[in-house]
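Subject: Structure handover and notes

Hello,

Here is the structure we spoke about. My notes on what was found follow below it.

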Amino acid sequence: MEDTEFEKRKKMADRLKEELNLSDRVYNAMLKVPRHLFVPYNYRDSAYLDTPLPIGKGQTISAPHMVAIMCELLDLREGHKVLEIGTGRGYHSAIVAEIVGKSGKVITIERVPELAEHAKQTLSSLGYDNVVVIVGDGSKGYEAEAPYDRIYATASAPKIPEPLIDQLKKGGKLVIPVGNYMQELIVVEKNDEIKTKVWGAVRFVPLFGEYGF
Ligand code: SAM
């Protein structure tokens with residue numbers, strides 16, 4: 001008999017927990033969010049494979065392991081206000097919304113209106129009313145809701161955009177892929193000084209816009 005969507009999702013989350021030593025917060029979110037509803041209908045059978053998938057407009061939904069790793073690097077907590085740059089169809093926003101809870105908020109910004117619209121519809125049909133989807137150029141951040149506890153980008157920038165650091169709270173963290181052909185995932189911590197660490201090599205679509213390519 002074919003596995004139900006929940007059983008497939010549990011297998012995926014269990015495997016990621018073991019491979020990445022996931023925290024309970026991130027594991028529970030991966031277990032809960034129905035990734036198959038965030039991919040185009042013809043890719044639903046592949047939704048619980050640990051791989052990026054096309055979502056239209058030349059863009060992709062990130063691989064589950066990368067979503068989980070970024071959530072761990074951000075050290076997300078209940079109540080955090082988070083800015084995501086690159087909504088796609090909204091899967092990663094939903095995972096973060098689960099972790100920050102109803103006392104937290106996710107502001108996510110996407111430059112392709114059709115993708116933002118898909119994300120809005122799916123997130124609202126699943127009851128994620130702590131997520132706000134904005135259409136615009138996220139390479140500049142989103143000043144109207146700043147400052148943020150956490151910021152992350154799901155598209156790779158030529159260098160770390162200054163406005164993102166400006167829009168972080170003191171004690172805040174930013175996770176962003178940087179580079180063109182050779183990309184690295186960078187973790188920035190903002191205190192009295194700015195500390196940056198390289199997590200490792202990654203592969204993301206390019207960040208376009210004023211501070212992008
Ligand atoms: N967060 C998505 C998920 O849940 O799988 C992944 C989205 S995809 C890897 C990256 C997205 O960044 C694309 O949808 C792309 O259109 C978007 N993007 C690229 N440059 C952007 C910019 N300057 N502002 C906002 N979105 C941008």
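How many bridges join strand β3 to strand β4, and do they run parallel or antiparallel? Strand β3 (residues 81–85) is joined to strand β4 (residues 105–110) by five bridges, and the two run parallel. Helices (H or I, at least four residues) and strands (E, at least two) are DSSP runs numbered from the N terminus, and two strands pair if DSSP finds at least two bridges between them.

Two points on the basis of these notes. This is a predicted model, in which local features need pLDDT of at least 70 and side-chain atom pairs count only at pLDDT 80 or more, while totals for chains, interfaces and linings use all residues. Residues are numbered from 1 along each chain as its sequence is written.

The sheet

Strands β3 and β4 belong to an open sheet of seven strands with mixed pairing, in the order β5-β4-β3-β6-β7-β8-β9. β5 (131–135) and β9 (194–202) each have a single partner strand, so one side of each is left without a neighbour in the sheet. On average, neighbouring strands of this sheet are turned by 15° against each other, direction ignored. Axes here are lines fitted to C-alpha atoms, for helices over the stretch in contact, and angles run from 0 to 180 degrees between N-to-C directions.

Helices and core

Helix α3 lies across β6 (148–153), β7 (168–179), β8 (183–190) and β9, running at about 150° to β7. Helix α5 (residues 113–125) lies across β4 and β5, at about 165° to β5.

The buried residues of α3 are Pro64, Val67, Ala68, Ile69, Met70, Cys71 and Leu74. Their cover includes α1 (5–20), α2 (24–32), α4, β6 and β7. Just after α3, aspartate 75 takes a positive phi of about 50°.

The largest nonpolar core has 60 residues, of which Cys71, Ile95 and Val96 touch the most other members. Helix α4 (residues 91–100) gives the largest share of this core, seven residues. Such a core is a set of buried Ala, Val, Leu, Ile, Met, Phe, Trp, Tyr and Cys residues joined through C-beta atoms within 7 Å. Leaving aside neighbours within four places in sequence, isoleucine 95 is in contact (C-beta atoms, placed from the backbone, within 7 Å) with Ala29, Met30, Val33, Val67 and Cys71.

The UniProt annotation "active site", from an unreviewed entry, covers Ser62; UniProt positions are given in the numbering used here, feature names are shortened, and annotations may be inferred rather than shown by experiment. Serine 62 lies in the loop between β2 (59–61) and α3 (64–74). Serine 62 counts as buried because it has 23 C-beta neighbours inside 10 Å. Beyond four places in sequence, its contacts are Pro52, Val67, His92 and Thr154.

The ligand is surrounded by 26 residues, the closest being Gly86, Gly88, His92, Gly138 and Gly209. A residue is near a molecule if its C-beta atom, placed from the backbone, lies within 6 Å of it. β2, α4 and β4 each supply at least two residues of this shell, and β2 gives the most, with three.

Regards

Technical notes
Buried ≥ 20, exposed ≤ 12 C-beta atoms within 10 Å, placed from the backbone. Contact = placed C-beta atoms within 7 Å.
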